[in-house]
Amino acid sequence: MRSGVGSTNGPPLSRAAPEGAPATAGTVGPGAAFDDLFAPARTVGLATLASRVLGLVRDMACASFFGAGVLWDAFVLAWTIPNLFRRFFGEGALQSALVPTFVETLERRGPGAAHRLANSVLGLCLVLLAGLTALAMALAWVLARTVLPVGEVAATLAFVGKLEATEATLALVGRLLPYLPLVCMATVLSALLQARDRFLVPALAPAVLNLAWIAGLVASPLWGRSPAACMSGVVAGILAGGVLQCLMHLRPLAGVGFRVAPTLGWGGPEMARIGRLLAPSLLGLAALQLNLLADRFIAMAFVSGEGAVSALYYGNRFLQLPLALIGVSVAVTSFTRFSRLAAQGEARALRESVDRALRGTLFLALPASAGLAVLAGPTIAVLLERGRFDAEDTRRTAVVLALYAGSVWAVCAQQVLARALQALGDTSTPARWAMRCVALNLALNLALVFPFAEAGLAAATSIAAVVQLAGLVLEVRRRLPGALGLDTLVAALASTLASGLMAAACPATLACLDGSPRWVALAAALAAGLAAYLGLARALGLRELADVLGHAGRRPPAGGGEVDPRAGPG
């Protein structure tokens with residue numbers, strides 16, 4: 001059945017709650033677009049900042065302990081496996097199917113039905129993940145003991161002769177796989193809290209993992225002082241962190257009346273809807289995450305020498321800071337709002353919320369892209385260049401980071417637009433565009449890896465991200481007529497102009513401070529760039545400056561009159 005805004009799946013926006021029905025705690029009315037959309041995003045952003053600072057400390061320690069050699073290349077590949085399935089079953093596909101269904105069930109049938117649905121999902125995930133983990137651990141054990149010892153053939157097939165890296169990777173995969181069910185269950189519990197507008201604890205979960213990881217490194221002398229012994233400490237810390245990530249959600253869930261008690265009741269229309277929404281999301285995320293894995297295998301196989309995978313990893317780690325602070329924070333906190341507005345049939349408020357979320361995201365992400373691109377070298381040098389991480393590692397990682405930076409604004413914006421489509425019950429459209437751009441990215445990888453090594457892989461990622469964003473913009477405009485109009489384009493162009501000024505101010509400041517301590521020059525360049533960006537944004541009258549700083553929490557007049565969504569703060 002088609003809705004009034006062109007939806008083909010999910011709750012039709014033309015359907016409203018019965019007149020006189022009691023409002024639930026999560027009801028969002030027509031004025032919702034004028035609430036402080038970025039208040040929960042700021043909370044998530046601050047918690048994420050704490051996590052990323054700890055993650056930076058973690059990566060600095062790992063760079064010093066392991067450098068960018070064979071062992072760290074192997075760990076990066078092994079660590080990709082549980083993260084891949086975390087995206088599948090946790091914060092990616094399942095979350096995009098669970099949150100809208102849980103919110104609609106809560107709105108229409110009450111907390112009891114919603115909680116029964118959640119426990120059914122938890123039970124199904126627990127069974128599937130336990131079986132998958134046991135199977136994967138058995139496969140890794142068999143490969144390590146039967147395929148690799150055959151000598152010449154294995155050496156030829158394994159990463160084009162890199163037998164040492166292959167052996168280390170398979171060994172670490174088997175040791176890290178128990179983290180898979182732990183983190184996937186933790187992310188499902190996070191999704192349930194987010195659906196009840198509780199965002200702080202889910203945002204702090206990565207910080208708990210980082211603390212456990214750092215503790216494992218500190219305790220690594222218990223296993224010995226060699227790099228391999230230090231890796232044992234890292235693995236122990238990761239597994240302990242997974243347990244803590246699960247446990248930390250239980251008390252907050254009890255606080256909103258939800259008792260975690262996984263069941264095997266897999267029937268019902270809500271579970272069927274989750275299945276329908278999940279299938280295309282899984283397909284899209286499978287393509288996306290397998291492409292990430294393929295990037296790293298391509299780097300291992302086709303870039304001569306060692307360190308290519310490590311350069312991609314460290315560059316990607318710095319990329320994750322703005323992606324998490326901006327893209328994930330806004331997308332996660334907006335998703336519940338989008339889902340409620342879709343369930344309540346508030347098409348106008350949904351359009352306005354999507355517009356504001358996208359404009360605010362670009363206001364933050366465009367300068368982040370510019371800053372990372374122009375300050376990649378000094379940032380890597382100041383934060384990572386010590387111990388086994390030398391000047392050549394800095395140079396390679398900085399090139400990768402500068403090229404990755406071009407994707408920051410596009411990936412952040414993608415997350416907001418994908419959530420808008422998913423809130424409408426459309427998980428297939430984001431999946432289709434993901435698969436198209438994965439194919440594009442893979443083709444570009446193979447074309448660029450030979451002349452440009454790992455830098456070509458980073459450039460391919462940015463090009464594909466921009467193409468995917470363009471596709472999602474067209475889809476959202478089709479599904480939500482009137483969304484992403486001229487006001488949004490003008491705001492994006494103004495943010496781009498201010499980001500250009502920032503990109504000029506940062507290297508100019510570095511040049512003026514040539515000869516100063518590197519950290520002093522970097523801090524001054526960041527301050528000068530930020531001042532240039534905010535100053536021009538204020539001069540241009542960008543409303544997004546007030547939005548993200550928390551001065552735009554306005555509502556329509558009591559009489560129900562409309563407020564111009566581009567008007568300045570009252």
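Among the chain's contacts (heavy atoms within 4.5 Å) between residues at least 6 apart in sequence, 83% join residues at least 24 apart. This is a predicted model, in which local features need pLDDT of at least 70 and side-chain atom pairs count only at pLDDT 80 or more, whereas totals for chains, interfaces and linings use all residues. Residues are numbered from 1 along each chain as its sequence is written, and side-chain values use heavy atoms, with hydrogens and water left out.

**Whole chain**

Of the 570 residues, 55% count as buried, where buried means under 20% relative accessible area, exposed over 50%, and partly exposed in between, with a 1.4 Å probe and protein chains only. The chain exposes about 22,600 Å², of which carbon and sulfur atoms supply 68%; accessible areas come from the Shrake-Rupley method with a 1.4 Å probe, and for residues only the protein chains shown count as cover.

**The nonpolar cores**

Next select Trp72, Phe75, Leu192, Trp213, Ile238 and Val354, the residues that touch the most other members of the largest nonpolar core, which has 130 residues. A nonpolar core here is a set of buried Ala, Val, Leu, Ile, Met, Phe, Trp, Tyr and Cys residues joined through side-chain atoms within 4.5 Å. Helix 12, residues 308–344, gives this core its largest share, 15 residues. Centre the view on Ile238 and, leaving aside its neighbours within four places in sequence, show its contacts: Phe75, Trp79, Leu176, Tyr179, Leu209 and Trp213. A second, separate core of five residues can then be selected through members including Val44, Phe199, Ala203 and Val332.

**Salt bridges**

The structure holds 10 salt bridges, each defined as a side-chain nitrogen of Lys or Arg within 4 Å of a carboxyl oxygen of Asp or Glu. Begin with Arg396 and Glu454, whose closest N and O atoms are 2.8 Å apart. This pair links distant parts of the chain, since Arg396 lies in helix 15 (residues 391–404) and Glu454 in helix 18 (residues 454–479), 58 residues apart. Arg396 is buried, with a relative accessible area of 14%, and Glu454 is also buried, at 6%.

Move on to Asp426 and Arg479, whose side chains meet in a salt bridge of 2.4 Å, N to O. Asp426 lies in the loop between helix 16 (408–423) and helix 17 (428–452), and Arg479 in helix 18, so the pair ties together parts that are 53 residues apart in sequence. Asp426 counts as buried at 2% relative accessibility, and Arg479 counts as buried at 2%.

Within helix 18, select Arg478 and Glu475, which are three residues apart, about one turn of the helix; their side chains meet in a salt bridge of 3.0 Å, N to O. Arg478 counts as partly exposed at 49% relative accessibility, whereas Glu475 is buried at 13%. Salt bridges that share partners also join Arg58, Asp59 and Arg317 into one network.

**A nonpolar surface patch**

Finally, show the surface of Leu46, Leu49, Val53, Val57 and Leu321, which make a nonpolar patch of about 410 Å². Patches are made of residues with over 30% relative accessible area and no salt bridge, like charges being joined within 9 Å and nonpolar side chains (Val, Leu, Ile, Met, Phe, Trp, Tyr) within 5 Å. Helix 1, residues 39–66, supplies the largest share of the patch, four residues. Leu321 is found in helix 12 and counts as partly exposed at 34% relative accessibility.

Key
Helices (H or I, at least four residues) and strands (E, at least two) are DSSP runs, numbered from the N terminus.
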